[in-house]
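Please look over the model shown here. A short report on selected elements goes with it.

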Amino acid sequence: MKNSYLLIAGVLLLGMQAACVKEPEAISSQATGSRPLLTILKNNFSYSMFYTALERTGLDKTLEGKGPFTVLAPDNDAFTLSGINADSLSRIDTATLKKIISYHIIPASISYASIPQTIDFAYKSLAGQLVYFSVPIPGPQQTQYVGNQILHINGVTVNKLDIAASNGYIMDLSKVLNYPAASVKAYLESTPQYSYFVQALKQFGLFNMLDKPGPFVVLAPTNNDFIQNGIDQAAIANLDTLTYKKFLFSADILSPQLFFLSDFFDAPLQPTFPAYVTPDVLLLFTADRYNGVSYGVVPYNYIAIQANPFPPDYGDPYLYDATYAPIGFSDPDHLAVNGVVHGTSDLPVLPDSAKIHR
Amino acid sequence: MKIYKLSFLLLSFMAFIAGCKKYAIIPSLKDPAYIRVFNDLNNPVDVFHSQQAAPFLTFLMDPKTDGAGIPNDAAVIGDALGTRQLFSLSYPINEANSSTGDQLIGYVNGSYILEPPVLYPVNHEYPGNAPVLSASFINGFDLSAWAQAPSGKHRIMFVVRPQNAVGFKDLSTAQRGNILLDTTVNFEKGEVYTLEVTSRDLDNNKYGLYIRQEQFIHQSFQADKVYVGFTNLSGKTPIAGQYGSGFFFWDKININYSYNILNDAISNATYFSYNPYPGYDNNYYTTLNTKMDTDIPYLTLPLLPESSFFYQALIRTYSPVPLSNPANYQGSLPYFSFVLSNADSPVSNPNTFPVETFRLDCSADPNTINNYDTRNSSVTNYTPNLNLVVNTGNTYHVYGTLNIMEIVYDRVYLMQVQRGFNEIPKN
């Protein structure tokens with residue numbers, strides 16, 4: 001009897017407390033881990049290359065501070081995937097390395113839940129340059145399971161989120177971030193595989209604008225793409241700008257735009273209009289999880305062409321490239337201060353298909 | 001024994017004081033105005049339009065801001081404001097229902113499927129099911145879907161928020177800082193206001209707040225009539241409307257109307273035929289030349305005798321929207337239909353692309369129309385029947401309604417305002 005009084009009272013107390021409406025958990029930007037960032041990085045072998053780089057550049061001293069910091073830490077596999085081994089890492093001069101590594105540190109505490117639900121939300125890195133965070137936007141076309149916490153930073157997938165330290169967070173990257181080039185113009189000029197493309201842009205008066213604020217997305221065919229289609233530097237020099245429609249090369253420059261290829265999955269295009277509008281043509285994009293992103297240049301009336309299986313186009317709106325099919329990306333996601341360069345795997349518009357017939 | 005009794009009493013007392021805080025009674029407002037808020041945005045953000053506002057908002061009235069001007073609290077917070085539903089009534093239809101787990105029916109690959117549920121709370125309007133003081137009957141209309149608000153000047157803010165279950169005040173500063181609209185409005189006492197977040201130019205990320213001071217509370221309406229008004233709340237047609245396969249309403253819209261009565265004599269289970277009600281066969285009503293109009297003229301339509309809504313003493317049926325089987329079966333209730341067409345391109349063939357006409361059949365069941373996915377079904381071609389069938393006194397009665405049709409880009413939202421539930425209709 002005595003016990004049952006106690007039992008009833010106890011159950012009553014528990015029951016009434018449990019009945020309370022709980023407040024939802026707040027999104028705290030304050031890191032909750034017990035160990036400092038540097039200790040986590042130092043004690044975890046998979047970050048040994050990143051830690052070595054921190055030590056060499058003296059940025060370990062910075063991370064010892066109160067912070068808070070968010071460290072975008074590529075693990076050793078990420079270095080390997082980016083073509084950097086211990087030896088080549090040691091050969092990068094310290095000033096350059098410091099720039100690169102400080103680009104991986106954001107002087108703020110950023111947990112996954114605190115990131116705005118959008119693509120390419122910019123945070124300022126310790127190096128001063130912007131770092132772009134993309135999270136999937138829920139919607140009818142979203143094919144990634146949004147319940148999985150997915151984060152892309154400059155188009156690089158984050159392996160592990162929210163490793164909490166006492167003075168910030170670590171986001172484990174699957175690749176090393178490229179330090180942004182001074183401009184897309186500077187990137188194209190300094191990358192040998194785009195020398196034909198640069199020559200063509202110069203010839204058509206499109207190159208000099210690429211150091212303006214933009215932002216620009218440049219879909220850049222490589223020299224190899226030109227050569228495969230039988231176009232060499234002499235042939236480019238012979239292209240008379242008055243004889244070709246403007247979109248021969250202007251369709252390679254999208255502005256104002258800034259996106260990485262992973263953004264096609266985080267913010268999918270609508271089936272009613274999967275295209276980008278340029279002044280002369282549309283760029284029709286397709287993105288699927290198995291074949292990645294591809295695109296092709298199509299005329300404005302592409303829907304009518306697709307609906308007509310008869311000659312002259314047999315339902316194929318990709319009228320301008322060599323294969324009459326969308327082309328892929330061979331070397332995407334090269335960030336510059338004023339945009340992104342995506343290397344393509346073919347010429348989207350052959351000069352002959354853009355010739356003005358008089 | 002005593003000590004056990006004492007401890008029982010003590011523990012009971014502790015349980016009592018540890019019990020939940022009860023809802024405080026909301027103090028009544030002196031001289032209130034009445035507000036209702038809709039989110040008309042419906043554009044999914046894609047990779048080329050990442051600067052656009054995702055259609056998921058928080059409505060703030062009289063916000064408090066931090067030093068950087070970022071809101072962190074407000075006198076009124078209407079959180080998780082998703083895109084409005086196609087059909088809304090003048091009283092909160094989702095009151096007391098779960099506002100989570102919205103699961104829509106879509107027509108995918110030739111069959112109807114239940115789409116994946118939405119796993120976070122969505123409110124389709126403010127106040128919706130929020131526990132607030134609401135308006136009562138004004139001018140014979142049940143307006144309990146409008147919340148009371150203190151009259152006078154208010155700062156109104158809309159913030160684009162993440163689509164998840166975290167409350168506004170608990171969002172991070174970066175998330176709360178995505179302010180879509182920030183404006184000041186003046187509410188006059190006793191007036192009824194409908195506020196709608198609209199897009200003015202999607203391609204250039206321009207948005208605006210449309211405020212309509214409802215005039216229907218000052219106008220007189222006949223009990224035996226049905227009233228319909230149209231307004232075009234679309235912004236500039238996005239470039240996708242020019243080259244894509246999506247449908248967008250035109251800048252200038254012609255509206256024709258018909259009243260359709262099932263021909264019982266020749267209709268059977270597989271064949272249906274409708275005759276126009278005499279004098280209501282594809283009549284021209286008006287042309288909407290302007291957008292964002294707040295003054296809504298009403299088309300007056302007849303409310304038929306109650307016998308027209310019964311067949312062999314049984315109430316007639318709604319259209320099985322959008323599953324039309326047999327094809328074009330619109331149910332057996334009398335229904336209005338509207339044909340909206342491009343006023344700038346009057347010669348039209350409904351089978352050509354781009355589409356120049358849009359048929360709106362007011363034949364659907366008001367109880368189910370919001371269950372259909374607007375993207376994956378033909379539901380946008382329907383509204384509920386404008387003759388409102390209501391069970392009063394254990395019998396079906398048919399009431400006239402006041403209807404505001406709001407055209408927003410690719411669809412028509414119907415706000416139906418109801419009248420006269422307190423008396424048996426005389427039709």
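The report covers the model's basis, a sheet, a hairpin and a helix.

## Basis

This is a predicted model: local features need pLDDT of at least 70, side-chain atom pairs count only at pLDDT 80 or more, and totals for chains, interfaces and linings use all residues. Residues are numbered from 1 along each chain as its sequence is written, while chains are lettered from A and ligands numbered from 1 in the order in which they are written.

Helices (H or I, at least four residues) and strands (E, at least two) are DSSP runs, numbered from the N terminus. Two strands pair if DSSP finds at least two bridges between them.

## Open sheet, chain B

Chain B has an open sheet of four strands, ordered 3-2-10-11, with antiparallel pairing. Strand 3 (71-81) and strand 11 (179-187) of chain B are the edges, each pairing on one side only. From one strand to the next, the twist averages 25° (axes are lines fitted to C-alpha atoms, for helices over the stretch in contact; angles run from 0 to 180 degrees between N-to-C directions).

Five bridges link strand 2 (residues 57-65) and strand 10 (residues 152-160) of chain B, in the antiparallel sense. B:Phe59 has B:Phe158 of strand 10 as its bridge partner.

## Hairpin, chain B

Strand 12 (residues 192-201) and strand 13 (residues 206-213) of chain B run antiparallel, joined by eight bridges. B:Leu195 stands opposite B:Ile211 of strand 13. The two strands form a hairpin with four residues between them. In the turn, B:Asn205 has a positive phi of about 55°.

## Helix 3, chain A

Helix 3 (residues 48-57) of chain A has buried residues, among them A:Met49, A:Phe50 and A:Leu54 (buried: 20 or more other C-beta atoms within 10 Å of the residue's own, with C-beta atoms placed from the backbone). Just after helix 3, A:Gly58 takes a positive phi of about 80°.

Note on methods
Buried ≥ 20, exposed ≤ 12 C-beta atoms within 10 Å, placed from the backbone.
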